[in-house]
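Visitor: Please bring up the model. I would like to go through how its parts pack.

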Amino acid sequence: MNQRKTLIEKIKAAGPGAVITSAFIGPGTITTATNAGVNFGYALLWAVVFSGIASIVIMNMVSRIAIFGKQNVIASSIDMFSRHKSWKYFIYTLVTLVVILTGFGFESGNLIGATTGLSDLTGMSTQMAALITGGISLLFVISSTPKLVEIIMQLFVALMGIIFVATAIIVKPDFGAVLSGLIPSIPDGGMVTTIALIGTTIIAINLVFHSVASEEKWAHDQTSNEEILLEDAYFDSGMNVSLGVLMTLGLIITTSATLFGTGTEVTSPIVFVESLEPILGTGARMFGATGLLLAGLSSSTATPYMCGHITRRIFNWTSPDDKRPKMVAATIVLFGTALAYFGTTPVPIILFAQAVSGVSLPIISVLFLLAANRGTLGNHKNTTLQNILGVIVLIVMFFLGGRTVLNALSTLFF
């Protein structure tokens with residue numbers, strides 16, 4: 001079947017993009033976006049748009065590597081220097097460190113966010129909310145299949161999109177100021193927040209997972225020719241990342257309209273929920289708490305699922321009956337649930353995870369760029385324009401990675 005698909009058919013055929021969006025629209029993104037809106041108003045909206053464009057540039061490279069190269073970035077990177085076993089072990093070690101540290105480092109924050117949302121909605125104790133949200137996440141990662149994951153993540157994305165975009169419209173923002181915020185500029189004291197906004201969208205583990213999942217979904221699909229599959233893959237990335245960008249913009253716009261200039265201290269994602277109540281009443285607070293619950297659940301299920309899926313490929317646990325990938329995911333969920341139950345954030349683990357992510361992100365970005373220029377892709381290797389865009393993204397990744405490492409190390413040791 002080589003005819004082009006309708007819009008509905010493309011949405012139905014959408015792949016791993018929804019998992020990526022569900023992973024990065026979590027409590028961390030809500031907190032970062034709230035902080036941006038509270039302290040800098042609409043001025044940093046452009047950073048969110050940039051991060052979305054950069055993500056799509058890299059993810060489109062991934063799609064071509066998968067469809068025309070029949071590989072993911074791990075295998076393609078190893079093939080570049082296949083004669084050197086040390087290179088192979090370096091790639092495996094790098095990816096494994098990123099996966100494990102990201103999973104354990106960020107899962108507690110995801111579940112604490114989900115717990116906070118559920119507790120705020122229902123009035124139940126934090127401990128009970130932690131057990132419920134952790135139980136839901138655990139059930140998900142144990143019983144999930146790739147297709148089920150895609151469907152549920154698409155549902156999460158749709159519901160969060162409705163909530164976060166709707167609140168941005170309801171608060172009646174200054175649309176002139178919104179438009180001016182799309183023009184790149186960094187206000188005084190805004191560099192760290194700018195980096196944080198970009199960093200909450202472009203995450204190393206998300207890019208690696210997208211590569212692995214894209215190879216599995218698109219590389220051996222015989223239902224359409226490769227050009228049609230590439231269109232489907234591009235649509236999947238563009239649609240889901242754009243929805244994630246809209247949600248993050250909605251969060252910043254909402255808090256800009258309600259809290260900018262108030263001096264509110266942003267210590268958790270619940271500040272976003274509380275920002276709605278004075279203007280829109282208790283019903284709006286419930287609306288916001290539902291969004292926080294969904295964001296926490298989507299990230300707390302997507303992140304361990306991605307970790308299990310990537311380790312499955314690294315260690316060649318490819319048998320359908322092999323339970324080890326789900327055991328990895330379940331262990332991460334149980335770890336996060338325990339910390340959410342006691343209200344504990346594993347600061348040293350998070351900081352170390354951030355440092356490793358900061359080091360690995362530019363390296364992984366280089367690997368993507370090199371893999372997208374390999375001769376095995378034929379006419380579908382990077383064009384000059386795609387390389388220029390890739391280099392721009394790469395420069396930002398090096399800067400972002402360096403600042404992330406410095407911030408993590410300064411917090412750990414000073």
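Guide: A crossing is left-handed if the near helix is turned anticlockwise from the far one by less than a right angle, and right-handed if clockwise. Helices are DSSP runs (H or I, at least four residues), numbered from the N terminus. This is a predicted model: local features need pLDDT of at least 70, side-chain atom pairs count only at pLDDT 80 or more, and totals for chains, interfaces and linings use all residues. Residues are numbered from 1 along each chain, and side-chain values use heavy atoms, without hydrogens and water.

Visitor: Is the crossing of helix 6 and helix 11 left-handed or right-handed?

Guide: Take helix 6 (residues 85-122) and helix 11 (residues 204-218): their axes (lines fitted to C-alpha atoms over the stretch in contact) come within 9 Å. They cross at roughly 115°, on a scale from 0 to 180 degrees between N-to-C directions. The crossing is left-handed.

Visitor: Which residues of helix 11 make the contact?

Guide: Contact means heavy atoms within 4.5 Å. Helix 6 brings V95, V98, V99 and T102. Helix 11 answers with A204, I205 and V208.

Visitor: With which residue does E216 form a salt bridge?

Guide: A salt bridge puts a side-chain nitrogen of Lys or Arg within 4 Å of a carboxyl oxygen of Asp or Glu. The structure holds five. E216 lies in helix 11 and its partner in helix 14 (residues 282-314), so the pair ties together parts 96 residues apart in sequence. The closest N and O atoms are 2.9 Å apart, and the partner is R312.

Note on methods. Helix = DSSP H or I, 4+ residues; strand = E, 2+ residues; numbered from the N terminus.
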